[in-house]
Amino acid sequence: MGPPSPIGCFAIPIREESTRFSNPSRISDLAMSLLADLVNLNLSDYTEKIIAEYIWIGGSGMDIRSKARTIPGPVADPSELPKWNYDGSSTGQAPGKDSEVILYPQAIFKDPFRRGNNILVMCDCYTPAGEPIPTNKRYNAAKIFSHPHVVAEEPWYGIEQEYTLLQKDVKWPLGWPVGGFPGPQGPYYCSVGANKSFGRDIVDSHYKACLFAGINISGINGEVMPGQWEFQIGPSIGISAGDQLWVARFILERITEIAGVVLSFDPKPIQGDWNGAGAHTNYSTKSMREEGGYEIIKKAIEKLSLRHKEHISSYGEGNERRLTGRHETADINTFSWGIANRGASIRVGRETERNGKGYFEDRRPASNMDPYVVTSMIAQTTLL
C-alpha cells in the first residue's frame, strides 16, 4: 500500500484512491459527499464564532441581496451586531463616485442553512450620513408603527404570499409541458398527486426552514394555477410582519436556488384563463378584536375606500394585469367590499360578521408588493 493521501484527515490510500477514481461517477459521488460534510459542519463544536448573513433589499425593490461576515460569538439582539456596508453602485442604489451604503441590522433569525448559532440578519439601508436611502421602505414603516395611536391598537397582520415555481431554463411553470399547457384550472388547488401538484418538496422544505428560523409561518397550500403555491405569515404585530415576510422570501429564494428552480413573484405570470398571484393582507386592531369591533371594521373599510388609488399605486408592479375583475379579483379601478366575497377589494369573513368582531382581508396587494409599504399604509389609513 502506498503513502497516505495528502488530503489530510480523509487519509485515502493511493492504491484505493486510484481504484475509486477510475470511475468518473465515483469521483463525483465522493466529491459531493465531502462537500455535503463541509456544508453540514456544525461550527459550534469547534468555535464560538458565528456566521451572520446580512440581508437587504436591492434597487428594484424586489431583488434580495445578502453577504456574510464572522461575528465573535452568539448574539441575541440586532443591537449587538455591527453596522456594515456594501457597494450600492452594484445594486442600483448609489452612484459609482459615492457608492457606499450602510446596513443597519434590524431583526435576527436562526439560519436554517448553516444552523448552529449562525443567524440571518434583516437590515435596512442608509447613507454614510445616516439618512435612509430612497429604497429603504422599512424606515417610514417603522415611524408609522411607532406612533402612539398605532402602538395602542396593536395591529395584527396575516399575509398570504402567493408565488410561482418556474422551470429554470425555459421560465415556464413547474409541471407544465414545455411550450404547452396543462388541463384547465380546477383540480390543482390544494391538490395531491403527481399530475396535479408540482414542487411540494420545495414547499415543505421552506415551511420547515421558516419554523426553524423562528418565523411565524402559519401554513402553506397549493394554489389554483398549477405550479403556484402560497405560504402565510402571521399573525405578526406591526413592523415584524414585514421583517418576517422578507426573510421568508429570502429563505424560499435560497431553497429554489438549491433545487435549480426559478422563483417568480410576478402577479400574472401566465396570461389567459389562469389565476394571478397576490399577497392578500389580513388585518385587525385591538378595537376590531374586541366587542363592537365590526363597526370599527366598517369605518376602517370606508377610510380605505377614500384612498383606493393611493393604495393601488403602492400595492405592487404589474398589478393591473391581475386585478381584472376575474379569477377571484376585483377590478383595479373600483373599490368594493363584501362578506365572504373573494371578488371584492376587501373581504370580511362570515365569522367576523357573526361574532361582531375580528379582522378583514385586503385582497388588492400583488405578490410582488413590499410588505413594509402595504402593512404601514393600511395602519396609516385606518388609524392616523
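Entry 1, cavities. I counted four cavities of 30 Å³ or more. A cavity here is a set of points, on a 1 Å grid over the protein atoms alone, where a 1.4 Å probe fits but cannot get out. A volume is the space filled by probe spheres set on the points, with points joined across faces, edges and corners.

This is a predicted model, so I note that local features need pLDDT of at least 70 and side-chain atom pairs count only at pLDDT 80 or more, while totals for chains, interfaces and linings use all residues. Residues are numbered from 1 along each chain as its sequence is written, and side-chain values use heavy atoms, without hydrogens and water.

Lining residues have an atom within 4 Å of a point. Two or more lining residues each come from β1 (50-57), β5 (119-126) and α3 (137-145). Strand β5 gives the largest share, three residues. Helices (H or I, at least four residues) and strands (E, at least two) are DSSP runs, numbered from the N terminus.

I found M32, L35 and V39 in a nonpolar patch with about 290 Å² of accessible area together. Patches take residues with over 30% relative accessible area and no salt bridge; nonpolar side chains (Val, Leu, Ile, Met, Phe, Trp, Tyr) are joined within 5 Å. Areas come from the Shrake-Rupley method with a 1.4 Å probe. M32 sits in helix α2 (residues 24-39). M32 is exposed at 51% relative accessible area. Exposed means over 50%, buried under 20%, partly exposed in between.

How many salt bridges does a search of the whole structure find? I got 14. Each needs a side-chain nitrogen of Lys or Arg within 4 Å of a carboxyl oxygen of Asp or Glu. R321 pairs with D266, closest N and O atoms 3.0 Å apart. R321 is in the loop between α9 (308-313) and β11 (337-339), and D266 in the loop between β9 (261-264) and β10 (279-284), so the pair ties together parts 55 residues apart in sequence. K298 bridges to E295, at 3.1 Å between the closest N and O atoms. Both lie in helix α8 (residues 293-306), three residues apart, about one turn of the helix.

Definitions and conventions. On a 1 Å grid over the protein atoms alone, a cavity is a set of points where a 1.4 Å probe fits but cannot get out, and a pocket is an open set with protein on both sides within 12 Å along at least five of seven lines; lining residues have an atom within 4 Å of a point. Patches are made of residues with over 30% relative accessible area and no salt bridge: like charges are joined within 9 Å, nonpolar side chains (Val, Leu, Ile, Met, Phe, Trp, Tyr) within 5 Å. Buried means under 20% relative accessible area, exposed over 50%, partly exposed in between (1.4 Å probe, protein chains only).
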